[in-house]
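Please look over the sequence and the model shown here before reading the questions on its helices and strands.

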Amino acid sequence: MFTRRLLMGAALAAPALRHAQAQSWKAAYPELVFAIVPSENASGVMNRWTPFCESLSKTLGTKVTLRVANDYAAVIEGQRAGNIHIASYGPASFARALKTGAPVEAFCIEVNEDGTKGYHSVFYVKKDSPYQKVQDLRGKNLGLVDPNSTSGNNVPRFALNKMGINPDQFFGRVIYTGSHENAVIALQQGTVDMCANWWNDENESNLRRMERKGMAKYDDFRIIFKSDQIVNSPMAYLTTLPAELRTAIRTAVLELPKKEPETFNRIYDGKARPWEPVANSAYDPIIELITFVDGLRRQRG
């Protein structure tokens, strides 16, 4: 039989136990690394995400270091090796991490300004170019982003396959530019004649962000292809982190937009709603997509 004294003792012990658990993970993780896939230049990423990491550091009580990855694969490999504890992924790079056995779990998803949780892959050409459809670009140069980019490689290759186009045979050259910004710059400079990029809607896209930074003019380009909607990008942490730490990270991130709206709005230029919870299963269709594209690559080999 439980006595009142035992129940009171258990109640008093619970906070102490939680405190001890928190202290134990802080001792094991004096520093957490948060990494970003390179959708824009490094200085742009630092400007957007440094205040976020500073806020996370204060909330968690342990240092959170921002790392701007050289390419998408570096984030996947960093999480597989346990060197990156939290990461902001693109859908395909996250699906690749899952597919290759990285111990990762998505815990929040980006939400667009209109409340939707998806975006599109588009093909841009210069506004004054003669090209009206993808089939007009035979022998010309195509700019893609990164092999693990969703809107910058996997969806474009899937779409081209549906058009009956083998990009490595149809185009003069297929060039990986490394980031969405670089893809637009390559098109701007004439290095490529068409490029793939991410696009939410008329109000928000990589090109709109570049326009706000004075790097490009939106009206200098035309969209000649737009994909079906793709599930938005997730944030993910290692499943090997202690449960108490994962809960603390998830809570801190999901509460940040309300507690520090300026920090959150800085990340998306005020063009997004607060993050929402998400599960790995949301990215099952993306795993199917990259598996299909992998098959195309093997056929070419």
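Predicted model: local features only at pLDDT ≥ 70, side-chain atom pairs only at ≥ 80, totals over all residues.

Residues are numbered from 1 along each chain as its sequence is written, and side-chain values use heavy atoms, with hydrogens and water left out.

Q: On which residue is the kink in helix α5 centred?
A: Helices (H or I, at least four residues) and strands (E, at least two) are DSSP runs numbered from the N terminus, and α5 covers residues 150–162. The bend at a residue is the angle between axes fitted to the seven residues ending there and the seven starting there.

Q: How many residues of α5 are buried?
A: Buried means under 20% relative accessible area, exposed over 50% and partly exposed in between, with a 1.4 Å probe and protein chains only. The buried residues of α5 include Asn153, Asn154, Val155, Pro156 and Arg157. The helix is largely enclosed by the rest of the structure, because the number of its residues that are buried is 10 of the 13.

Q: Which strands stand at the edges of the six-stranded sheet?
A: The open sheet has the order β2-β1-β3-β12-β4-β13, with mixed pairing, where two strands pair if DSSP finds at least two bridges between them. Each edge strand has a single partner strand, so one side of each is left without a neighbour in the sheet, and these strands are β2 (63–68) and β13 (272–276).

Q: Which residue of β12 is the bridge partner of Ile86?
A: Strand β3 (residues 86–88) pairs with strand β12 (residues 234–238) in the antiparallel sense, over three bridges. Within β12, the bridge partner of Ile86 is Tyr237.

Q: Which residue's backbone oxygen does the side chain of Thr62 reach?
A: Thr62 lies in the loop between α2 and β2, and it is buried, with a relative accessible area of 7%. Leaving aside its neighbours within four places in sequence, Thr62 is in contact (heavy atoms within 4.5 Å) with residues including Trp25, Pro30 and Ser57. At 2.7 Å, its side chain reaches the backbone oxygen of Tyr29.

Terms used. Polar contact = N/O pair within 3.5 Å; in protein donor to acceptor, adjacent residues only side chain to side chain.
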